[in-house]
Amino acid sequence: MLDKLLFKYIGNAKKYIIVSVMLMMTKVLGSFFIALAIGGIVQGFFCSSAETGKNILIFLTGFILRSGGLYFVTRYQTKITGEVKTNLRTEMIKKAMRVGPVYLNYTSTAKMLNMGSDTIEQLENYYGRFLPQFFGSFGMSFVTFFVLFFINKRAAFLFFILAPIIPLLLKAILEMVGRKQKKYWGSYLDIGQLFLDSLQGMTTLKIFSADKKRADDIHQKSEKFRIETMNVLRMQLNSITVIEWIAYGSSIALLATGLAYLPFEMQNLTAMTVLVFMSLEAFTPMATLISSFHVAMTGVAAGKNLIEFFDLPEKDEKDKSTVGRSERGIVVKNLKFSYPGSKRMVLQGVNAEFASGGFTAVVGASGSGKSTLVRLLTAQLAGADSAVFWNDMPYEIYKKQSISENMIRISHDAHVFEKTIRENMLMGKPEATDKELINALKTVRLYDEVESRGGLNLEIKSGGSNLSGGQKQRLVLARAILHDAKVYVFDEVTSNIDVESEAIILEVMEKMSKDSIVILVSHRLYAGKNARKIYVLDEGRIVEKGTFKELIRQNGIYKKMWETQQRFEEVLA
């Protein structure tokens, strides 16, 4: 019932749970004082004793203990959920930062969004309701046992026998509950992922009139989710009904046993009243536990994905080196690579060198392995650390974070945030002055285009929708320039942008290559024409290399690709 992996992220909330349990025990003690006061008042009527003031004081004490306990338990449950949700989200961000972009090999963006929002919200019930109630139910039963022990030992020992029945039943149905909840949560994730995918591709669906088919898919998955939800609710209702009957039956058995061995005499009225009150409430904590158990198990089922993410492999890098200056640049030696779970070799026997003093281009047909190669060079993919070298030392001796910070990959879909231009650029260099930001924008010839719209204070809309494709790419480039990295990779950066922006980006790229290592990956061969060296990839192998003129003279794959593109551009012109 207690998931050790989830319990591990409880942090400082552990002390809040302990306080909650103490408050729950105080609440039971309050019920005892209330019953004792009522019993004393009733007995006083029949025995003509004058202890009304004392009984009222006991009643008020019990009322304060019970009401205060209930109130503060709720407050502390809120503290528990707040603490845990913060811990989980913080750990999730830290894990993503430690693993780096490699995490996308193990999970999807949609699942990450779901884990960060719905999954953690579902776990609120596990941490905030179930855990305090689990420990609290045993604490309250402990208090109840001692109260009954001083009233009637037989009733106390019967309670000692009956109290574990409900927890044992919970353990018995745990496996069945786990299976149901897993199917329920899997169905929930499926519909969520399909909905997000449909939302992102809504324009495409409308263009190809595929929206009706997608609506039918969503309906089918929604119906499956509805069926799973009803199965879970049916199981919960049945188990709660059974547990409540057991609780009520046990209370009646406890009451009957206690009263049978407690003589019906005036001086026993107080004891009888306490016995009735405590018997009726004796099994309430356990009955409450079953309801919180079902709600919590939904969170546990959801939390499995989060735990799997937390368990993604990462190496201890505290003794590893940081990336420094390099005279030779990046050297690739006999690189072989295939994606996890696939037997297909994406790259085979790749040997290459990337240095400053002019940019290096990597070209090839779609699917030849270009983007995979540069993602390995920038440590955004794991699996080639022993074949890629910096300063004649393999990547495996360096900290991943150090490699990522010094090697910037600028792609055609690079992200800009819903913040001002200033805030977007400060990510590249947090201490940069406005003058430095403006100079970077002027370098990519963007400042004059945004100055009249607010300049550095221009608010970027979602996905950079209020910028053209070329302006967005130049903003990303300006941010990268500010970062002053050792290596810049331009991965299809000129795709889907205007000719003017393409010319500016290529011009800036060539200037950067004088002092930094610059690598260009592009399907447009014209973009890499001036490269100091061009590598031609075909089916994961480097089949040709050299300058533009050398490759044309070789009369091989590169020349055929060049001539094909030239004819295509002439037709378009």
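Begin by selecting Leu88, Tyr127, Phe159 and Leu306: of the 58 residues in the largest nonpolar core of this structure, these four touch the most other members. Please note that the model is a predicted one.

Next, colour the helices that build this core. The elements giving two or more residues to the core are helix 2 (13-47), helix 3 (52-99), helix 4 (109-151), helix 5 (153-162), helix 6 (165-200), helix 8, helix 9 and helix 10 (284-310). Helix 4 supplies the largest share of the core, with 14 residues.

Now centre the view on phenylalanine 159. Once its neighbours within four places in sequence are set aside, this residue is in contact with Ser141, Thr144, Phe145, Leu148, Leu254, Ala282 and Phe283. Apart from the core described above lies another core, of 51 residues; to locate it, select Ile408, Ala432, Val450 and Leu467, which are among its members.

Return then to helix 8 (residues 211-260) and display it together with helix 9 (residues 269-281). How do their axes lie? The axes of the two helices come within 8 Å and cross at roughly 160 degrees. An angle over 145 degrees counts as roughly antiparallel, and helix 8 and helix 9 are therefore roughly antiparallel to each other. Their crossing is right-handed.

Finally, show the side chains where the two helices meet. On helix 8, select Ser251, Leu254, Leu255, Gly258 and Leu259; these meet Met272, Leu275, Val276, Ser279 and Leu280 of helix 9. Of the residues in this contact, seven are nonpolar, three are polar and none is charged.

Key:
Residues numbered from 1 in each chain as written. Predicted model: local features only at pLDDT ≥ 70, side-chain atom pairs only at ≥ 80, totals over all residues. Heavy atoms only, no water. Axes fitted to C-alpha atoms, helices over the stretch in contact; angles between N-to-C directions. Helix = DSSP H or I, 4+ residues; strand = E, 2+ residues; numbered from the N terminus. Parallel < 35°, antiparallel > 145°, perpendicular 65-115°, else oblique. Left-handed = near helix turned anticlockwise from the far one by under 90°. Contact = heavy atoms within 4.5 Å. Nonpolar A, V, L, I, M, F, W, Y, C, P; charged D, E, K, R; others polar. Core = buried A, V, L, I, M, F, W, Y, C linked by side-chain atoms within 4.5 Å. Buried < 20%, exposed > 50% of the residue type's maximum accessible area, 1.4 Å probe, protein only.
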